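Please look over the sequence and the model shown below.

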Amino acid sequence: MAKRDADALIIRLHYSHKTVNNAFLALGVFLNGRLEDAMTFGPSMERATFKGWSARRRGTVFSS
C-alpha cells in the first residue's frame, strides 16, 4: 500500500479531511483485496515530546 492510497482514504473518511506530509509509516486494513481503513504515523505534534524522545534514543535525557 502506498501512502497516497492511505491519504486518499483518510481525506475521504476523517472528520478533518486532512493528512500530514511528514508521516513515516502508513498501515492499511484490506478486506477482499479492497482498502477499508488506514492509519498513518509521524512525529508528535508537541515538539517537547518529540525532542525528549529523540534525546532518549541517543542516550541523553533533557531535564526540564
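A residue is called buried at under 20% relative accessible area, exposed at over 50%, and partly exposed in between, with a 1.4 Å probe and only protein chains considered. The model is predicted: local features need pLDDT of at least 70 and side-chain atom pairs count only at pLDDT 80 or more, while totals for chains, interfaces and linings use all residues. Residues are numbered from 1 along each chain as its sequence is written, and side-chain values use heavy atoms, with hydrogens and water left out.

The protein has two helices and two strands, and along the sequence they follow the pattern α-β-β-α. Helices (H or I, at least four residues) and strands (E, at least two) are DSSP runs, numbered from the N terminus. A contact requires heavy atoms within 4.5 Å. Among contacts in the protein with a separation of 6 or more, 30% are between residues 24 or more positions apart. The protein exposes about 5500 Å², of which carbon and sulfur atoms supply 55%; accessible areas come from the Shrake-Rupley method with a 1.4 Å probe, and for residues only the protein chains shown count as cover.

Helix H1 covers residues 3–13, and its buried residues are Ala6, Asp7, Leu9 and Ile10. Seen down the axis of H1, these buried residues fall within an arc of 170 degrees, so they line one face of the helix; the arc is that of the directions from the helix axis to the C-beta atoms. What do the buried residues of H1 pack against? They pack against E1 and E2. The face of H1 turned away from its buried side carries Arg4 and Arg12, which are exposed.

The two strands form a hairpin with two residues between them, and there Asn32 takes a positive phi near 55 degrees. E1 (residues 25–31) and E2 (residues 34–41) run antiparallel and are joined by seven bridges; strands count as paired if DSSP finds at least two bridges between them. Leu31 stands opposite Arg34 in E2.

A nonpolar surface patch of about 500 Å² is made by Phe24, Leu25, Leu27, Met39 and Phe41. E1 and E2 each supply at least two of its residues. Patches are made of residues with over 30% relative accessible area and no salt bridge, with like charges joined within 9 Å and nonpolar side chains (Val, Leu, Ile, Met, Phe, Trp, Tyr) within 5 Å. Leu27 lies in strand E1 and, with a relative accessible area of 44%, is partly exposed.

Side chains of opposite charge can pair when their charged atoms come close. A salt bridge is a side-chain nitrogen of Lys or Arg within 4 Å of a carboxyl oxygen of Asp or Glu, and the structure holds two of them. In one, the side chains of Lys3 and Asp7 meet at 2.6 Å, N to O. Both residues lie in helix H1, four residues apart, about one turn of the helix. Is Asp7 buried or exposed? Asp7 is buried, because its relative accessible area is 14%, whereas Lys3 is partly exposed at 28%. Asp7 also touches Thr19 and Thr40, not counting residues up to four places away in sequence.

The other salt bridge joins Glu36 to Arg34, with the closest N and O atoms 3.7 Å apart. Glu36 counts as partly exposed at 33% relative accessibility, and Arg34 counts as exposed at 53%.
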